[in-house]
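Welcome, and thank you for taking a look with me. Please open the sequence and the 3D view side by side before reading on.

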Amino acid sequence: MKQQMQDGPVPLDVESYPVAPEGLHLEQVHVYVRHGERTPVRVRMSDPPASIPADWQMCNTAKSFHETVAGHSPAIDDGLWYRKVVENRCGKIAEGLCLLGELTDIGKKSTYSFGTALRSLYVDKLNFLPQKLEDERLTYFRSTNIARTIESMQHIVHGVYPPSACAPGTIPSIIIRNGVDENLVSNTLACKRLALLELQFAEAAVAVWNTRLEPLDKKVSKYIGGRPLRLDGTPRASGILDTVRSAAAHGFRVPPEFSDDNVIGLIEAAVTAEWFDIKSEDGRRLGMGRLLADAAEKMQRKTQFNSKDPTKLLVHTTHDSTLAALLCTFDVFDDKWPPFTSSVTFELFRKRTPASQQTNISGLRALSSLWRRQDEHYVRMRYKNKNMALPMCAEEGNHLPGSPEFCTLEAFQRRVGELTPRDWVGECFPRT
């Protein structure tokens with residue numbers, strides 16, 4: 001049976017976006033988006049019969065730079081022109097040659113399209129953001145310190161607020177943190193205990209899935225030098241999946257076996273179990289706890305200060321592992337590798353309702369009716385253009401009546417509080 005592999009981008013569906021029920025007003029939007037299409041991070045399956053190219057000439061844009069020269073007065077020399085040129089392992093230079101793991105021209109186009117879709121939705125359709133950006137504090141753009149996520153963010157920002165849609169002097173910032181402070185990924189670099197936990201999860205997946213992958217050897221071993229396809233093999237099953245998905249996304253021919261649902265489906269199930277099947281509370285706390293605490297804190301600040309807190313759209317460019325980890329943490333992962341430019345979104349809504357009619361007694365018991373408006377807040381999580389009904393919000397009182405996808409902010413924050421490490425550095429020390 002053939003299947004259409006989910007190797008391409010997932011466009012943001014503006015037309016079918018489900019408007020919130022009457023009475024709910026959008027207050028803040030948090031977007032976590034995977035970078036656009038890239039080259040594989042390693043050369044795999046380049047020999048016949050797979051013959052997937054080792055060199056990809058798909059990086060033709062943005063190869064020229066104009067950098068300021070330190071120590072030179074602009075009046076003397078305002079900059080230095082140069083071109084970035086990629087040389088392959090044989091010393092050959094080719095126009096548009098990509099580095100391994102580099103965002104390609106297709107990836108730049110898809111992330112720009114994602115940015116224009118954000119603008120179409122939150123500026124044009126919902127009037128949530130202004131047509132022209134006059135206050136940079138309305139937006140928050142942050143990327144991991146990886147070239148492909150930074151470039152993805154550059155194209156997203158250009159789609160949301162290009163220079164023509166920014167007031168003079170208003171320049172959106174792209175925020176980047178040092179690796180030790182990063183929380184947009186499961187930071188195994190700074191958290192040794194998390195690294196050990198993820199290694200244990202991977203080893204457990206190997207024990208379960210390697211035997212299940214054995215029947216595929218007759219079909220796919222010929223494409224990897226006659227070696228068996230295993231989670232811990234050479235190359236690893238995750239690497240094979242990455243190469244096949246990346247190649248297909250760019251229009252390269254891939255071996256027909258990898259279009260067979262019985263083959264690619266089994267590989268994907270094994271790889272997602274190895275990488276993303278994190279059901280332990282400790283793994284979730286150390287992996288995604290700080291990211292979610294950061295988001296919940298910004299939501300809380302918005303509810304407290306309302307218009308005095310101008311931040312409305314927060315976009316983060318990150319990786320497939322982050323999206324899958326967020327979905328796993330809230331128990332809504334579909335066990336499918338997150339495609340390029342797919343996104344997880346948290347939308348914060350406010351509902352104003354008359355809370356009580358109070359009697360004001362003053363002097364001769366003069367009665368006056370005063371209506372005090374009490375705000376209720378809800379969070380909606382979305383992925384692949386679908387609303388996510390979170391299990392933690394399923395109970396009555398934890399969601400908007402009749403709309404289980406709208407989790408109360410209290411229930412959302414309660415779960416985030418459980419996931420937030422009180423002493424992340426201390427908890428990251430390996431336990432003996």
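The numbered points below walk through the model, from its overall make-up to some individual residues.

1. A word on confidence comes first, as this is a predicted model. The mean pLDDT of the chain is 90, and 89% of the residues reach 70 or more. Where pLDDT is low, predicted coordinates should not be read in detail.

2. The chain has 432 residues, and 50% of them are buried. Its secondary structure consists of 10 helices and 11 strands. If you take the contacts between residues at least 6 apart in sequence, 77% of them join residues at least 24 apart. The accessible surface comes to about 21,200 Å², and carbon and sulfur atoms hold 52% of that area.

3. Which residues touch the most other members of the largest nonpolar core? They are Met45, Leu231, Phe258, Leu292, Phe346 and Met381, in a core of 64 residues. Helices H3 (192-213), H5 (237-249), H6 (261-276), H7 (281-305), H8 (320-329) and H9 (409-419) each give two or more residues to this core, as do strands S7 (343-359) and S8 (369-383). The largest share comes from H6, with 7 residues. Apart from this core lies another one, of 32 residues, including Tyr17, Ala20, Tyr122 and Ala165.

4. Beyond its neighbours within four places in sequence, Phe346 is in contact with Gln28, Val29, His30 and Tyr32, among others. Its partners also include Leu292 and Met381, both of which are among the core residues listed in the previous point. Further along the list of Phe346 contacts are Met299, Phe330, Val379, Arg380 and Phe412.

5. Now for the open space. The largest pocket holds about 1,200 Å³. Its lining is made up of 42 residues, and those nearest the centre are Thr188, Glu198, Trp275, Asp320 and Ser321. H3, H5, H6 and H8 each supply at least two lining residues, and the largest share, 6 residues, is from H3.

6. Of the 18 residues lining the largest cavity, Leu12, Ser343, Thr345, Arg382 and Asn385 lie nearest its centre. Helix H1 (105-125), S7 and S8 each contribute at least two residues to this lining, with the largest share, 4 residues, coming from H1.

7. Ser343 sits in strand S7. Leaving aside neighbours within four places in sequence, Ser343 is in contact with Val31, Tyr32, Val33, Phe114, Leu323, Arg382, Tyr383 and Lys384.

8. One joins Pro48 and Pro49, with omega about 5 degrees; Pro49 lies in the loop between strand S1 (24-34) and strand S2 (64-67). The other runs from Thr234 to Pro235, with omega near 0 degrees. Pro235 is located in the loop between helix H4 (217-220) and H5.

9. Finally, please look at two residues other than glycine with positive phi. Met45 has phi near 60 degrees and is placed in the loop between S1 and S2. Asp335 also has phi near 60 degrees, and its place is the loop between H8 and S7. How do their surroundings compare? Met45 is buried, at 8% relative accessible area, whereas Asp335 is partly exposed, at 49% relative accessibility. Met45 is also one of the residues that touch the most other members of the largest nonpolar core.

Methods. Residues numbered from 1 in each chain as written. Predicted model: local features only at pLDDT ≥ 70, side-chain atom pairs only at ≥ 80, totals over all residues. Heavy atoms only, no water. Core = buried A, V, L, I, M, F, W, Y, C linked by side-chain atoms within 4.5 Å. Buried < 20%, exposed > 50% of the residue type's maximum accessible area, 1.4 Å probe, protein only. Contact = heavy atoms within 4.5 Å. pLDDT = per-residue confidence, 0-100. Areas by Shrake-Rupley, 256 points an atom, 1.4 Å probe, with all protein chains shown as cover. 1 Å grid on protein atoms, 1.4 Å probe; cavity = no way out; pocket = protein on both sides within 12 Å on 5 of 7 lines; lining within 4 Å. Points joined across faces, edges and corners; volume = space filled by probe spheres on them.
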